[in-house]
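The exercises below are to be worked with the sequence and the structure in view. Each task is followed by a solution in steps.

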Amino acid sequence: MTIPRKVAVIGAGEIGVGWAALCASAGWPVAIFDLNPETMDRASNEIERRTRALVALDRAPESIVERGLRELVRANFLSEAVQDADWVIEAIQEDVTAKQKLLAGIEQAVGGDVLISSSSSGLPPTEIFGRCRKLDRCLVTHPLNPPELIPIVEIVPESRTSAASISRAVEYLRALGRFPIVLKKPIPGYVVGRVAAAVWRECIDLVLQGVISVDDMDRAVSLGPALGWAAAGPHLTYHLASGEGGIRYFTQRLLASFESWWRQLAHWSQLEPDQQRALTQSIEKAYKGKIEFLREARDRRLSAILRSLEQARAPSGSESC
Ligand SMILES: NC(=O)c1ccc[n+]([C@@H]2O[C@H](COP(=O)([O-])OP(=O)(O)OC[C@H]3O[C@@H](n4cnc5c(N)ncnc54)[C@H](O)[C@@H]3O)[C@@H](O)[C@H]2O)c1
């Protein structure tokens, strides 16, 4: 399995810290750089905390984590971060102009065989890499938050990304214990963001209509479809929902109901300021604890779900989900 000699993560916000924690937890040398010195100070502690949390959650061996943390470089400059890196991960905010400028600078600072990936949540790769000249080694690797726990990473190639670079990204991500999925063509929001946006819009709408409270809504999803989908995904779930007849029987019996619901689902594309305020207040009222504690509890549950899924999977790897 190919692993990089060194990874450089540019941008030390929520996602950059997550990438750095993930790479450090595999014992890989990582350098991290952020333009904001205060963010860099916070990021150092946060990377250590999140990497060591993986040991406590039984997701990484302590000796490897400590090796990764010893090798962690808090770079003072972009050039220092990318020096000798085989893989540069861009993780700055979702601003296409800022990403273009940074990626053009990264391209100039690294050799021609360095893999360059963006963590964008949904921008078209053609725009993200719009100021780069050598596109065969550029692609999007979109993680989910927190990247050190959720295994799916969407790979979104640019039309000029080489097959070798896609394979290399897949190998690196698999070596980090991720499940990379390669999109066949780019689409705004990619796949994961579109599914999340569709479901979240309906959840917001049901809360704002007064049909359900925020915490019951969250439970309805996390213990309802999301639990089934964690085991089987939506298509397999419905294929298994009508006995031996599978999806053919299911669609005969229930497609008309789904069609009548689809006609009534929310289809707005913008929240008005008063709706935004109402939603924010309802969520803050439902979850009063400190973010730090809420996140810790969420990570414990996530890790338990992952462990159960890993234990339940057939050893042959023949299962599709
Ligand atoms: N937060 C999420 O849940 C999530 C999930 C998946 C993907 N993403 C994507 O990951 C990327 C990063 O998101 P985030 O939430 O971590 O953002 P963030 O705003 O938390 O952090 C961005 C960081 O980049 C730094 N930065 C800006 N310009 C820079 C430059 N030129 N050089 C170095 N550092 C620079 C900023 O100082 C900031 O600390 C975005 O593209 C986002 O869409 C976010």
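**Exercise 1. The ligand shell**

The ligand is surrounded by 24 residues, of which Gly11, Gly13, Ile15, Ser121 and Asn145 are the closest. The model in which this shell is found is a predicted one.

Task. Determine which elements give two or more residues to the shell around the ligand, and how the shell divides into nonpolar, polar and charged residues.

Solution. 
- Step 1. Two or more residues each come from H1, helix H5 (96–109) and strand S6 (138–143).
- Step 2. Helix H1 provides the largest share of the shell, namely 3 residues.
- Step 3. By residue type, the shell holds 10 nonpolar, 11 polar and 3 charged residues.

**Exercise 2. The sheet and its edges**

Task. State the order of the strands in the open sheet and identify which strands are the edge strands.

Solution. 
- Step 1. The open sheet has 8 strands in the order S3-S2-S1-S4-S5-S6-S7-S8, and its pairing is mixed.
- Step 2. Strands S3 and S8 (179–182) are the edge strands, since each of them pairs on one side only.

**Exercise 3. Strand S2 and its partners**

Task. Describe how S1 and S2 run relative to each other, parallel or antiparallel, and which way the residues of S2 point.

Solution. 
- Step 1. Strand S1 (residues 7–10) runs parallel to S2, and 4 bridges join them. In this pair, valine 7 lies opposite valine 30 of S2.
- Step 2. Together with helix H1 (residues 14–25), S1 and S2 form a β-α-β unit that is right-handed. The helix of this unit, H1, is also the element with the largest share of the ligand shell.
- Step 3. Strand S3 (residues 73–74) also pairs with S2 in the parallel sense, over 2 bridges. Here isoleucine 32 is opposite arginine 74 in S3.
- Step 4. From S2 (residues 30–33), Val30 and Ile32 point one way, while Ala31 and Phe33 point the other way; all are buried.

**Exercise 4. Strand S6**

Solution. 
- Step 1. Isoleucine 116 is opposite cysteine 138, and serine 117 has leucine 139 as its bridge partner.

**Exercise 5. Backbone exceptions**

Most residues other than glycine have a negative phi, and most peptide bonds are trans.

Task. Locate the cis peptide bond, and decide whether aspartate 84 is buried, exposed or partly exposed and whether tyrosine 190 is buried or exposed.

Solution. 
- Step 1. The cis bond runs from asparagine 145 to proline 146, with omega near 0°. Proline 146 sits in the loop between S6 and S7, and Asn145 is one of the closest residues to the ligand.
- Step 2. Aspartate 84, not a glycine, has a positive phi of about 65°. Its loop joins helix H4 (78–82) and strand S4 (87–90).
- Step 3. Aspartate 84 has 13 other C-beta atoms within 10 Å, so it is partly exposed.
- Step 4. Tyrosine 190 likewise has a positive phi, of about 50°, and is not a glycine. This residue belongs to the loop between S8 and helix H8 (192–208).
- Step 5. Tyrosine 190 has 22 C-beta neighbours inside 10 Å and therefore counts as buried.

Key. Residues numbered from 1 in each chain as written. Predicted model: local features only at pLDDT ≥ 70, side-chain atom pairs only at ≥ 80, totals over all residues. Buried ≥ 20, exposed ≤ 12 C-beta atoms within 10 Å, placed from the backbone. Pairing = 2+ DSSP bridges. Right-handed = clockwise from strand over helix to strand, strands pointing away. Near = placed C-beta within 6 Å. Nonpolar A, V, L, I, M, F, W, Y, C, P; charged D, E, K, R; others polar.
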